[in-house]
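Subject: Structure handover

Dear colleague,

I am passing on the structure we spoke about, and below it you will find notes on what turned up when I went through it. Please read them with the coordinates open beside you.

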Amino acid sequence: MDTTQLLKGVLDLAVLAVLRDDDGYGYDILRRLRTAGLTEIGDASVYGTLRRLFAAGYLTTYVVPSEEGPHRKYYALNPAGRTQLKQGGEVWREFASTMNTLLREPA
């Protein structure tokens with residue numbers, strides 16, 4: 001199965017999850033996702049997801065000056081984003097449980 005197809009359906013939830021405890025800028029968020037095991041994720045997918053989540057009202061942004069290059073735009077979960085993460089996590093766990101049941105080998 002092509003994992004890139006699976007990623008399309010869960011990327012929003014994955015991005016919200018990596019922002020749960022720490023704010024981050026685009027490349028940092030991408031690095032965290034890859035470190036967590038989503039190695040096939042593309043840069044453009046993450047940046048597009050950040051823009052979409054911001055437009056949907058789940059993220060806030062702020063700019064931090066950098067001494068080593070351009071300023072960095074940080075993303076943070078707001079209360080709506082935390083609610084979406086909680087609800088999305090519940091949906092995911094139920095879906096994963098159903099899939100695990102379906103894929104279980106017969107005894």
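Helix α1, which covers residues 3-18, packs against helix α4, which covers residues 79-103, at an angle of about 125°, and the two axes lie 10 Å apart. Please keep in mind throughout that this is a predicted model. Since angles from 65 to 115 degrees count as roughly perpendicular and those over 145 as roughly antiparallel, α1 and α4 are therefore described as oblique to each other. The crossing that these two helices make, α1 with α4, is left-handed. On the α1 side the contact is made by V10, L13, L16 and A17, and these meet G81, Q84, L85, G88, G89 and W92 of α4. Sorted by class, the residues in the contact of α1 with α4 comprise 6 nonpolar and 4 polar, with no charged residue.

Helix α1 also packs against helix α3 (residues 43-55), here at an angle of about 80°, with the axes 10 Å apart. That angle falls in the range of 65 to 115 degrees, and α1 and α3 are therefore roughly perpendicular to each other. From α1, the residues L11, D12, V15 and L16 take part, and they meet S45, V46, T49, L50, R52 and L53 in α3. The contact of α1 with α3 is made up of 6 nonpolar, 2 polar and 2 charged residues.

Although Q5 and G24 are 19 residues apart along the chain, their C-alpha atoms are separated by 25 Å.

Turning to the strands, β1 (residues 24-25) and β3 (residues 72-77) pair in the antiparallel sense over 2 bridges, and within this pairing Y25 has Y74 of β3 as its bridge partner. Strand β2, residues 59-64, likewise pairs with β3 in the antiparallel sense, in this case over 6 bridges. For Y62, too, the bridge partner in β3 is Y74, so that Y74 is a bridge partner of both Y25 and Y62.

Conventions:
Residues are numbered from 1 along each chain as its sequence is written. This is a predicted model: local features need pLDDT of at least 70, side-chain atom pairs count only at pLDDT 80 or more; totals for chains, interfaces and linings use all residues. Side-chain values use heavy atoms; hydrogens and water are left out. Axes are lines fitted to C-alpha atoms, for helices over the stretch in contact, and angles run from 0 to 180 degrees between N-to-C directions. Helices (H or I, at least four residues) and strands (E, at least two) are DSSP runs, numbered from the N terminus. Angles under 35 degrees count as roughly parallel, over 145 as roughly antiparallel, 65 to 115 as roughly perpendicular and the rest as oblique. A crossing is left-handed if the near helix is turned anticlockwise from the far one by less than a right angle, and right-handed if clockwise. Contact means heavy atoms within 4.5 Å. Ala, Val, Leu, Ile, Met, Phe, Trp, Tyr, Cys and Pro count as nonpolar, Asp, Glu, Lys and Arg as charged, and the others, Gly among them, as polar. Two strands pair if DSSP finds at least two bridges between them.
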